[in-house]
Amino acid sequence: MQNEKTKRLRGARILIETLLEQGVTDVFGYPGGTVLDIYDELYHARRRLRHVLTAHEQGAAHAADGYARATGKVGVVIATSGPGATNLVTGLATAMLDSVPLVAITGNVATSMIGRDSFQEVDITGVTLPITKHNFFVQDVCELADTIREAFAIARSGRPGPVLIDIPKDVQQALCVFRPAPPAAPRSLPQSKEAKLDRAAALIEKAERPYIYIGGGALGCGLGEAVLALAEKLDAVVGCSFMGLTAVPTDAPRFLGMQGMHGRYAASAAFREADLILGVGVRFSDRATEGLPALNDRATVIQMDTDIAELGKNVPVDCGLHGDLRVLFLLLANRCAAQSHPDWAARVQALRSREAALLASAESAGETALTPQAMFRVINALRDPQTVIATDVGQHQMWTAQFAAFRQPHTLVSSGGLGTMGYGLGAAIGACIGTGKQTLLITGDGSFGMNLTELATAVTERLPLVILVFDNRSLGMVRQMQQTAFGGRLAWTDLSARKTDFVRVAEAFGAKGTRAETPAQFKKAFAAALKEKTPVLIDCRLDPELQAFSPLSLEEV
Amino acid sequence: MRNVIAVYVENKYGVLTRVAGLIMRRGFNIDTLTVGETENPDYSRITITMQGDDYVRTQITRQLKKLHNVKEVKLLERGDSVERELLLVKVKNSAGTRSEIMTAADVYRGKIIDYSTDAIMIEVTGEPNKIQAFIDVLRPLGILEMCRTGVVALQRGSEALATTENFC
């Protein structure tokens, strides 16, 4: 009789047991030749582990990503070798750029067949080297369990990210003793010295126009309330990068919203005028700081991040702090004394008034036609604040960033760093499964056209998904760049010759579909859609000439 | 500015590709790279020389440290460390150049390690600039082929980049 604790199991079964051990309840994937053993074990484990079949591996990768962003858990995706594995590439790069914890499992040909250009063989660890936090090629079944445990620890720890494990077929079939082990505790991070915190506090003390700039790191560490409290103490304002959205409620009094190329006027202007910028879990990316004069000429910059390599990577900093961001931020906040800056507060108030005026004038164009502002008034009024909004990439995404009201952290699921068109539907499916709640997808006709085949997944899983296609018959974001920078030559961004009927597309997949061409129609359709328990699509017809410029650039033009 | 970077890595699948790939995709150029086992066969030591200002030095050190298989990274300062490179060079052997080749090899403390009627092979070790100077001397005498190892370097004194017990 074999002892229960030292049972010899096949590699594929060890994989399943280790996933369960890590607390995994849902996986996304697509079967194939080199993962047959894994799929057979998934079949046996189907009551313990939910597998969601997508229509395409890319959709599975985005679903695992959306699942992770919405729940904070590690997303898991499984794909076969060769094309299955390469179809994960865009999903892994998306997760890498936005620091999303993912574990991707790929099958590969048997070790004896590796390196011979065997059928569906690809060197996926080589391919994904630059777009994973780390990856593994498992050659020995006895290393499999610990490799998977290590992969989860890496994906979760410090600055999160995707990890890929490539498991050859013979390793899945080989036997090894399996010894269960609890998930590893989070690893502690090296931390900046106390003296550096003192230095940062001293710099803050000299500030007259303080601006706290938060990013995805602040969101990931749940620092929203602490940031607002520090802003209150310092009489400072708060702005965010795209990835920092939802960290603090949109209507928080000291919050100016997203800054940058497509950001809010007041946030971008305040960032430009501040004399002290405290960056919290933010990499000062080009899109968020572009077009603004060199920071250090006018402001003292303090940057704090989990990842030491981010300090000073994109902009020079006067003081960089690294370590556990939450611990670090609270230590720094404790060192800061209360401040008062009535002039700065008055200036910010003036910027806010100017923003309101700019927004009002930008909207006066259409009263009867559908506009993004009008749509978001409806969405903000009717949507449960807990409902996750997933987006694709383009104008609709920037309108979401500018106009959607967020009250809960992690209620926006969107590809920031990589800007992945085609991300939204898969991600919305993952978020919907992860939260178990109705999820809203805001997409565009261009992005949606890329991966709309995942409607099949949403229908199969009977997901309460509300899909709003911001349909302007064009690749709007690129189109507006062509209009401003390329003499209005619309090189393949006008999609009006396409005759895709998204309502009938939804119906063909077995979902419901309606169309809205006016604010009144949209309100009615959206209210009805929120009552549905299965996928419903609203084709929202927008004027292709609408632009998603930031009010800041409107003023500069 | 020339930098010498010592990288202590786990002897794992693909580790050299990870290190070299990271430097490439961050847009930096490697001048030389050497790799070999350490006193503990589970770990290897990579020595990289590359050009770069303070920004490059800081970025490359911090980015390398993020790699899972990299255990320690250190910039070796010139006065504080010893650098060596090995050169094997084959030159044409002819009555007219033979004595000059022998003299040069002698002055540069090279060793003749292969000799035939039409070629002489010399081994020289030293700092990279000494190697370069020797090559410059030989060049007009007819170099047939040559091979440089790239730089290996160690910090002076008792301090070690990493001791294996840190990781075992």
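In chain B, 74% of the contacts between residues at least 6 apart in sequence join residues at least 24 apart; two residues are in contact if their C-beta atoms, placed from the backbone, lie within 7 Å. This is a predicted model, in which local features need pLDDT of at least 70 and side-chain atom pairs count only at pLDDT 80 or more, while totals for chains, interfaces and linings use all residues. Residues are numbered from 1 along each chain as its sequence is written, and chains are lettered from A and ligands numbered from 1 in the order in which they are written.

**Chain A overall**

- The secondary structure of chain A comprises 24 helices and 20 strands; helices (H or I, at least four residues) and strands (E, at least two) are DSSP runs, numbered from the N terminus.
- Chain A has a radius of gyration of 24 Å, close to the 24 Å given by the globule rule for 557 residues, so it is as compact as a globular protein of that length. The radius is taken over C-alpha atoms, and the rule is 2.2 Å times the number of residues to the power 0.38.
- Along the principal axes, the C-alpha atoms of chain A fill a box of roughly 80 × 65 × 40 Å.
- Of the 557 residues in chain A, 55% are buried. A residue is buried if 20 or more other C-beta atoms lie within 10 Å of its own, exposed if 12 or fewer, and partly exposed in between.
- Among contacts in chain A with a separation of 6 or more, 78% are between residues 24 or more positions apart.

**Domains of chain A**

- Chain A is divided into domain 1 (4-177), domain 2 (194-349) and domain 3 (366-548); the bounds come from an automatic or database domain assignment.
- The C-alpha centres of domains 2 and 3 of chain A are 31 Å apart.
- Domain 2 of chain A brings 14 residues into contact with 13 residues of domain 3 of chain A.
- On the domain 2 side, these residues divide into seven nonpolar, five polar and two charged. Ala, Val, Leu, Ile, Met, Phe, Trp, Tyr, Cys and Pro count as nonpolar, Asp, Glu, Lys and Arg as charged, and the others, Gly among them, as polar.

**Cores**

- The largest nonpolar core has 169 residues, of which A:Val77, A:Val103, A:Ile212, A:Val227, A:Ala270 and A:Val280 touch the most other members. Such a core is a set of buried Ala, Val, Leu, Ile, Met, Phe, Trp, Tyr and Cys residues joined through C-beta atoms within 7 Å.
- A second, separate core has 19 residues, including B:Val4, B:Ile5, B:Val7 and B:Val73.
- Not counting residues up to four places away in sequence, A:Val227 touches A:Ile212, A:Ile214, A:Ala218, A:Val238, A:Val248 and A:Val280.

- A:Leu325, A:Leu328, A:Phe329 and A:Leu332 are buried in helix H14 (residues 325-335) of chain A.
- Seen down the axis of H14(A), the buried residues fall within an arc of 95°, so they line one face of the helix. The arc is that of the directions from the helix axis to the C-beta atoms.
- The elements of chain A against which these buried residues pack include helix H9 (194-205), helix H11 (224-234) and strand S13 (300-305).
- A:Met304 is located in strand S13 of chain A and counts as buried, with 28 C-beta neighbours inside 10 Å.
- Leaving aside neighbours within four places in sequence, A:Met304 is in contact with A:Gly279, A:Val280, A:Leu321, A:Leu325, A:Leu328 and A:Phe329.

- Chain B has four helices and nine strands, and 23% of its 168 residues count as buried.
- Chain B is divided into domain 1 (2-76) and domain 2 (82-148), whose C-alpha centres lie 30 Å apart.
- The contact between the chains takes twelve residues from chain B and ten residues from chain A.
- On the chain B side, H2(B) supplies the largest share, five residues.
- The residues on that side of chain B divide into one nonpolar, seven polar and four charged.

**Positive phi**

- Most residues other than glycine have a negative phi.
- A:Ser99, not a glycine, has a positive phi of about 55°; A:Ser99 sits in the loop between helix H5 (89-97) and strand S5 (102-108) of chain A and is buried, with 23 other C-beta atoms within 10 Å.
- B:Arg109, also not a glycine, has a positive phi of about 50°; B:Arg109 lies in the loop between helix H3 (98-107) and strand S6 (111-115) of chain B and counts as exposed, with 11 C-beta neighbours inside 10 Å.
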